[in-house]
Amino acid sequence: MLGYVRAFKPEMKIKDFELYKGVYCSLCRSLGRLYSPLAQLFLSYDFALAAVLRLAVAESGCTFEQKRCPYNPAKKCMICSRREIIDYCAHALIITVYYKIIDNLHDGGIKNKIVAALIYPVVALMHKKAKKLAPNADKTVAEMMKKQPLTEKKNGVCLDEAAHGSADALGSIFAEGFEGKQKDALYSFGYMIGRFVYILDAADDLESDAKTGSFNPFINENISDEASRAEFADKITGMLNLTQSQALEALDSLEINRFYDILDNIVFDGLTACAKKTLTKYRPHEKEKKTYTVN
Amino acid sequence: MKNPYEVLGVPQGASMEQVNAAYRELSRKYADDSSASAQKRMDELNRAYDEIIMDSGAYAGYSASGNQSYSAADYSDIKAKINSGRLDDAQTILDGMPEYSRNAEWYYLKGTIQQKRGWLEEAAKNFATASNLDPTNNTYKLAYNRVNNARNGGYRTERRQNNRKDSNSGCSGCDMCSGLICADCCCECFGGDLIPCC
């Protein structure tokens with residue numbers, strides 16, 4: 001996951017935004033405590049969603065306590081009391097970063113390869129610890145990474161099949177440790193979020209992948225002139241909408257004890273805004289000034 | 001979700017004829033009305049009808065096309081498997097059917113399995129094939145329309161409206177108490193008393 005999943009601030013209550021940022025800060029702190037300050041560089045809002053979700057479905061609530069941010073002492077951050085939940089997300093984050101780096105080592109551009117080779121030894125150490133602390137999450141992602149190249153090599157692989165790997169992995173990470181109906185709902189929620197991110201990422205990288213010859217499920221799409229680019233953007237938007245509608249359905253079938261508004265904001269407004277922003281490069285140039293339209 | 005039989009206004013376990021008659025009558029009533037609430041009711045009605053049809057064995061024979069090369073029993077078995085969540089088994093049986101014998105029903109069921117799995121694009125294709133093969137069947141058309149509606153972002157307006165309705169839903173217990181206290185203050189200003197104890 002690459003920074004696509006984040007809350008949409010304009011539609012959020014200020015309290016909710018503070019809590020959301022608090023979860024983000026807590027995750028940062030967990031990373032620093034468990035995996036050294038270097039791990040904090042990998043922090044992203046994507047895993048804040050995982051943390052908010054797990055806090056939301058937890059049986060008992062949590063308190064947020066004001067503490068100082070070590071990097072910016074003027075800033076105060078709210079730290080969540082449910083450490084074990086935040087820690088699980090930190091493990092999952094390290095695990096995905098590790099496999100992402102291995103992936104870059106194998107088939108990234110030359111720049112990516114050098115960066116990956118430089119940080120690999122450190123991340124490998126972190127991964128060793130994460131693997132011990134969250135063995136199931138590691139197994140899921142490792143399996144996915146093994147299967148994905150085989151899927152990509154297949155002839156005429158369809159989008160659904162290509163997206164299945166990462167979607168399934170995220171679903172399993174979300175559902176880890178739950179049972180019954182709740183597990184199914186968490187799994188399909190994670191599945192749809194993973195699928196959304198995969199499709200958006202693939203559409204985002206289409207041009208660079210076409211240059212380097214890397215795998216991309218949309219490689220056969222025509223984006224040579226302005227009209228066909230806009231058509232491509234519309235097509236992707238349709239696919240994303242379909243996925244988002246299923247994610248919302250899964251969210252509604254979850255038994256949520258708190259933070260519903262935050263989750264709804266991320267999935268409903270956040271994903272929409274992000275998809276729109278990412279796909280603007282395929283649309284005819286529009287002015288970039290911020291506007292509000294009120295009917 | 002509401003009990004589908006209740007939505008149609010028929011007793012639980014009513015016969016297919018009763019269900020069909022009730023559906024026809026209600027849908028005619030809502031079809032003439034173009035207001036948003038009528039459309040919502042229509043949606044609810046269609047969903048309820050679908051569910052009853054899916055649960056009953058009558059489904060496979062319900063298709064209007066005549067060329068059913070597979071007997072109703074085959075498909076109802078698959079449907080039972082889908083409903084109980086045994087998607088792998090259902091898919092194995094479906095994939096085992098020879099290509100020439102695949103009809104609209106086959107594509108519809110295949111699409112249903114794929115939708116449950118999250119393979120939305122393939123599901124959409126199969127729903128489209130099903131409704132092309134048998135344009136008279138409402139279930140296939142409904143499934144296909146639902147996908148297209150979601151593709152165009154139709155769920156967004158619906159969700160916004162629902163949220164708005166939740167936020168100003170009538171008079172809460174708190175509203176009533178504060179209303180009474182206000183009334184009591186007013187009465188006291190004019191020398192009377194509504195609530196003697198305060």
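View 1. Leu170(A) is buried, because 29 other C-beta atoms lie within 10 Å. Here a residue counts as buried if 20 or more other C-beta atoms lie within 10 Å of its own, as exposed if 12 or fewer do, and as partly exposed in between, with the C-beta atoms placed from the backbone. The model is predicted: local features need pLDDT of at least 70 and side-chain atom pairs count only at pLDDT 80 or more, while totals for chains, interfaces and linings use all residues. Residues are numbered from 1 along each chain as its sequence is written, and chains are lettered from A and ligands numbered from 1 in the order in which they are written. Leu170(A) belongs to helix α6 (residues 159-175) of chain A. Helices (H or I, at least four residues) and strands (E, at least two) are DSSP runs, numbered from the N terminus. Leaving aside neighbours within four places in sequence, Leu170(A) is in contact with Gly190(A), Tyr191(A), Ile193(A) and Gly194(A); a contact means that the C-beta atoms of two residues, placed from the backbone, lie within 7 Å. Between Leu170(A) and Ser188(A), 18 residues apart in sequence, the C-alpha to C-alpha distance is 9.4 Å.

View 2. Helix α1 (residues 14-35) of chain A has 22 residues. From its first C-alpha to its last, α1(A) reaches 31 Å, close to the 32 Å expected at 1.5 Å a residue; the expected span is 1.5 Å times one less than the number of residues. Gly32(A) is part of α1 of chain A and is partly exposed, with 17 other C-beta atoms within 10 Å. Not counting residues up to four places away in sequence, Gly32(A) touches Pro37(A), Ala39(A) and Gln40(A). After α1(A) comes Ser36(A), in the loop between α1 and α2 (45-57) of chain A. Ser36(A) is not a glycine, yet its phi is positive, about 80°. What is the exposure of Ser36(A)? Ser36(A) is partly exposed, because 13 other C-beta atoms lie within 10 Å.

**View 3. The largest nonpolar core.** A nonpolar core is a set of buried Ala, Val, Leu, Ile, Met, Phe, Trp, Tyr and Cys residues joined through C-beta atoms within 7 Å. The largest core has 108 residues, and those with the most contacts inside it are Val23(A), Leu27(A), Ala51(A), Val52(A), Cys89(A), Ala92(A) and Ile94(A). Helix α7 (residues 180-212) of chain A gives the largest share of this core, 13 residues. Leu27(A) touches several residues beyond four places away in sequence, including Leu43(A), Phe47(A), Ile86(A) and Ala90(A). Another core, of nine residues, lies apart from the largest one; among its residues are Leu8(B), Val19(B), Leu45(B) and Tyr49(B).

View 4. Phe259(A) sits in the loop between α8 (226-253) and α9 (260-279) of chain A. Its phi is positive, about 65°, although Phe259(A) is not a glycine. Phe259(A) counts as buried, with 22 C-beta neighbours inside 10 Å. Tyr282(A) lies in the segment after α9 of chain A. Tyr282(A) is buried, with 22 other C-beta atoms within 10 Å. Apart from neighbours within four places in sequence, Tyr282(A) is in contact with Ile223(A), Arg229(A), Ala230(A), Phe232(A) and Ala233(A).

**View 5. Helices α8 and α9 of chain B.** Chain B has eleven helices and zero strands. Of its 198 residues, 24% count as buried. Helix α8 (residues 120-133) and helix α9 (residues 138-151) of chain B pack at an angle of about 140°, with their axes 8 Å apart. Axes are lines fitted to C-alpha atoms, for helices over the stretch in contact, and angles run from 0 to 180 degrees between N-to-C directions. In this packing, residues of α8(B) including Phe127(B) and Ser131(B) meet residues of α9(B) including Tyr140(B), Lys141(B) and Val147(B). By class, the contact of α8(B) with α9(B) has eight nonpolar, one polar and one charged residues. Ala, Val, Leu, Ile, Met, Phe, Trp, Tyr, Cys and Pro count as nonpolar, Asp, Glu, Lys and Arg as charged, and the others, Gly among them, as polar.

**View 6. The contact between chains A and B.** Twelve residues of chain B are in contact with 17 residues of chain A. On the side of chain B that touches chain A, the elements giving two or more residues are α8, α9 and α10 (154-167) of chain B. This side of chain B has five nonpolar, three polar and four charged residues.
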